[in-house]
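Student: I am new to this structure. Can you show me how to read its features, one at a time?

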Amino acid sequence: MASTADFRNGFVMEIDGVLWQITYFQHVKPGKGGAFVRSKLKNVLTGAVVERTFRAGEKVTDVRLERRPVTYSYTDGQLYYFMDARTFEMIPISAEVIGGDQLRYLKENMECEGLVHEDRVIAVDLPFFVELAVVQTDPGVRGDTAQGGTKPAKLETGAIVQVPLFIEEGDVLKVDRREDKYLTRTAG
């Protein structure tokens, strides 16, 4: 058992037989009345997000998820298939469970982390930093910094990020997928 004092982003708990992961939480101490915790919970299996309020100190059943390496293989249009690095079995995961923000950066043969509950992979997390090639961007014009010196670039997975003017098509970029943010150009 854990209490609301143990809450953090990524914390997984079981409520009424369903696994929920905290994506956001805020401890609130009003001037009058008892303290409480406002949270957004994501259903680990379906990807549905709900808001829930807990009383301060309320007990919840915490769940320990093991992390296991998995590799993205392919999609059939509805499900995304990952190969478990330990058992070599193919694991189908729906787009809702992966999340649209992660799908923009998913590419074949990408090493990811599978979240395992009761010896079954139930969800997948992509690495925070991914390296992807630029497939389309406008040429940068020297001295054109009226817009802060950045331009949009389309990456090989279809994601679009703002990049400096010197970035060209074919460059491989390191991107923080959590913030859709260009970090650096790599030698890849």
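Student: Which residue lies over the face of F128?

Tutor: This is a predicted model. In it, R178 lies over the face of F128, at 4.1 Å from the ring centre. K174 lies over the face of F129, at 5.6 Å from the ring centre.

Student: How many aromatic pairs are there?

Tutor: The structure holds five. Take Y72 and Y80: their ring centres are 6.2 Å apart and their planes stand at 40°, so this pair is tilted. Y72 is buried, with 6% relative accessible area. Y80 is buried too, at 17%.

Student: Are the rings of Y74 and Y81 stacked or tilted?

Tutor: Stacked, because the planes are at 15°, with centres 4.7 Å apart. Y74 is partly exposed at 40% relative accessible area, whereas Y81 is buried at 15%. Ring pairs also link F7, F11 and F54 into a cluster.

Student: Now the pocket. What lines the largest one?

Tutor: Rolling a probe the size of a water molecule over the atoms shows where empty space is left. Here the largest pocket holds about 650 Å³. Its lining has 28 residues, and Q21, Q102, D125, F128 and R177 lie nearest the centre. The lining divides into 12 nonpolar, seven polar and nine charged residues. Strand 10 gives the largest share, four residues.

Student: In what order do the six strands of the open sheet run?

Tutor: Strands of a sheet pair through backbone hydrogen bonds, either parallel or antiparallel. In this open sheet the order is 1-6-2-3-4-5, with antiparallel pairing. Strands 1 and 5 are the edges, each pairing on one side only. Two bridges join strand 2 to strand 6. E14 has T61 in strand 6 as its bridge partner.

Key: Residues numbered from 1 in each chain as written. Predicted model: local features only at pLDDT ≥ 70, side-chain atom pairs only at ≥ 80, totals over all residues. Heavy atoms only, no water. 1 Å grid on protein atoms, 1.4 Å probe; cavity = no way out; pocket = protein on both sides within 12 Å on 5 of 7 lines; lining within 4 Å. Points joined across faces, edges and corners; volume = space filled by probe spheres on them. Nonpolar A, V, L, I, M, F, W, Y, C, P; charged D, E, K, R; others polar. Pairing = 2+ DSSP bridges. Phe/Tyr/Trp six-rings, centres within 6.5 Å; stacked < 30°, edge-to-face > 60°. Buried < 20%, exposed > 50% of the residue type's maximum accessible area, 1.4 Å probe, protein only. Lys NZ or Arg CZ within 6 Å of the ring centre and 35° of its normal.
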